[in-house]
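Please prepare a short briefing on the structure shown below, grouped by topic.

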Amino acid sequence: MRKRYASSALLAAGVALSLGLSACGGGGEKSTGPGDTGGAAQQGEQSEFNAAMEKVVNPSDKKGGTLKLAVTEAWDSIDPGDTYYGMSWNFLRVYGRSLVTYNLAPGAEGRELVPDLAESLGEASDDNKTWTYKLREGLKFEDGTAITSKDVKYAVLRQLDKETFVNGPTYFNDYLDLPKDFKSVYKTPDVDTDSAIETPDDRTIVFHLKKAFAGFDQFAVLPATVPVPKDKDTGIKYRQHPIASGPYMFEKVEEGKQYTLVRNPHWDPATDPVRKALPDRYEVQLGVEANDLDNRIISGDLHVDIAGTGVQAAATATIMGDPALKSRADNPTSARTWYLAILSDNPPLDNIECRKAIMYAADRVGLQNAYGGELAGEIATGLMPPSIGGWQKLDLYPTGTGDVEKAKEALAACGQPDGFETTMTFRSDRPKEQAAAESMQQALAKAGIKLTLKGFPTSEYFSSYAGKPEYTKKNNIGIATHGWQADWNDGFGFLSQIVDSRTIRESGNYNLSIKSPEVDGLIDEAVKEQDTAKRDAIWGEIDRKIMEGAYVLPAVWNKGLLLRGKDVTNVYITGAFDMYDYPSMGVE
């Protein structure tokens with residue numbers, strides 16, 4: 001996900017599901033549950049740097065209070081069927097319940113899949129093409145109406161419409177055995193879709209796949225399975241008030257400004273063994289200036305930066321230089337890469353040598369500094385991060401301050417000896433991405449490549465600008481800042497949505513630059529391969545092909561310096577998202 005997001009390893013078709021590598025560092029202490037005081041710091045005790053990496057800081061079952069969160073810019077959507085940011089998937093569990101969810105626990109235990117709406121994990125047929133789930137009894141929406149299997153089916157089917165809901169992955173589109181005449185729940189509402197999803201009774205839902213997939217529980221954890229009542233669906237306007245199935249419901253939605261959530265009176269904790277639902281309210285402020293946001297968490301005015309990607313450079317220096325603040329900080333590693341997509345559709349970047357000129361000219365140290373220095377991550381030599389199976393160290397391009405002479409040689413080879421002009425996009429509410437764009441502008445100018453920089457808001461970055469081919473072609477976009485975290489910790493969970501050309505659509509794309517039949521073919525080979533080591537090796541080969549094609553310029557394999565808010569309880573880093581686990585947190 002732009003996240004999106006890490007969890008237990010998903011094995012391809014016909015293979016068993018196994019636990020992925022831990023994306024978190026830490027002291028190796030035994031993990032404790034969110035309400036378990038064993039081995040964790042007690043209320044009032046002095047915590048320490050990285051204390052929340054593998055254990056719960058300030059464990060408590062105390063209910064009440066308001067948890068205050070903020071972010072520099074609204075994310076794509078609060079509609080479970082139209083969102084693809086890690087912060088969103090993490091926070092969504094406060095008001096939405098999927099068939100399966102992540103264990104609310106620190107570190108690697110947080111990647112364990114556990115039943116949520118469902119009574120158990122999925123029951124698979126022998127060929128892994130049919131998956132059955134049974135819903136718990138007594139489930140209700142915020143208005144008191146019963147949640148049924150038909151509401152889950154409708155939720156999955158509605159989000160298949162990528163013209164209406166441009167955000168989000170395409171896993172269900174790619175795997176469900178849909179009838180050929182089904183377009184969407186809005187355009188073809190009367191088409192029988194039982195070939196893809198059956199609901200034989202109000203508590204049973206059966207998914208039918210057109211190709212085997214042994215890790216379907218990873219699909220069941222997606223927000224796409226959060227139930228939506230058909231009679232309350234308002235299409236794209238549903239984001240103005242999603243109907244809650246979790247312990248909290250929206251009291252106020254002011255898009256671009258704030259969200260407030262209060263307790264859902266029809267949530268029954270007896271049906272939900274996962275969540276403790278400690279705060280009385282959640283308040284989320286949108287559009288807070290990045291440095292101000294950091295300062296307000298330092299002072300105690302806010303509790304959480306919901307983005308979960310780390311503080312800005314100024315706050316980093318302040319935190320690391322103050323022992324008291326440093327004791328409230330954590331520096332997790334995640335299965336995420338910050339990178340720049342080099343759009344191979346737009347001339348002269350349709351020539352590989354022109355793309356290589358960018359790779360050679362880039363100041364890799366400058367990019368690392370733009371993202372926050374060594375605390376923000378290691379200089380990346382490939383797209384795939386080291387925690388993903390099949391990773392290999394690639395050394396195809398300079399990792400220092402750039403090689404201008406090699407860049408000029410590549411420019412001559414692509415017929416642009418005097419350089420060329422192109423435009424680079426970045427998310428304007430993210431100072432680190434703006435700094436990365438400015439670093440690229442300065443570095444490429446030394447080789448004769450002139451960059452014009454254009455910033456766009458996070459909420460529309462992929463739907464209207466960098467992820468919309470019509471816009472990028474019309475406006476000569478050659479480079480776009482990007483970042484990706486694994487949906488789960490294997491090659492398929494990290495790479496498939498950003499390198500497979502068959503996922504590209506009219507807008508809302510996350511694969512911005514890679515259109516390679518060879519890569520697509522290798523993906524198909526990896527999905528079919530049942531041997532783990534061989535499959536991982538194929539994903540490693542895909543990573544190499546991407547770098548050889550100069551389709552992306554990796555910046556850093558991500559780490560983030562996160563700060564725990566004052567008076568916050570049950571704080572820990574979850575391995576599912578490599579950020580604080582929002583549904584577990586409380587406030588003193």
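The lining of the largest pocket comprises 10 charged, 6 nonpolar and 5 polar residues; Ala, Val, Leu, Ile, Met, Phe, Trp, Tyr, Cys and Pro count as nonpolar, Asp, Glu, Lys and Arg as charged, and the others, Gly among them, as polar. This is a predicted model, in which local features need pLDDT of at least 70 and side-chain atom pairs pLDDT 80 or more, while totals for chains, interfaces and linings use all residues. Residues are numbered from 1 along each chain as its sequence is written, and side-chain values use heavy atoms, without hydrogens and water.

**Largest pocket**
- Its volume is about 490 Å³.
- Of the 21 lining residues, Leu-160, Asp-161, Lys-162, Glu-163 and Asn-173 lie nearest the centre of the pocket.
- A pocket is an open set of points on a 1 Å grid over the protein atoms alone where a 1.4 Å probe fits, with protein on both sides within 12 Å along at least five of seven lines; lining residues have an atom within 4 Å of a point.

**Sheet**
- Four strands (DSSP E runs of at least two residues) form an open sheet in the order β4-β5-β7-β6, with antiparallel pairing, where pairing requires at least two DSSP bridges.
- β4 (123-124) and β6 (197-201) are at the edges with a single partner strand each, so one side of each has no neighbour in the sheet.
- β6 is joined to β7 (residues 204-208) by 3 bridges, and Asp-201 stands opposite Thr-204 in β7.

**Helix pair**
- The axes (lines fitted to C-alpha atoms over the stretch in contact, with angles from 0 to 180 degrees between N-to-C directions) of helices (DSSP H or I runs of at least four residues) α8 (residues 352-361) and α10 (residues 404-413) come within 8 Å and cross at roughly 170°.
- α8 is therefore roughly antiparallel to α10 (angles over 145 degrees).

Technical notes
Angles under 35 degrees count as roughly parallel, over 145 as roughly antiparallel, 65 to 115 as roughly perpendicular and the rest as oblique. Grid points are joined across faces, edges and corners, and a volume is the space filled by probe spheres set on the points.
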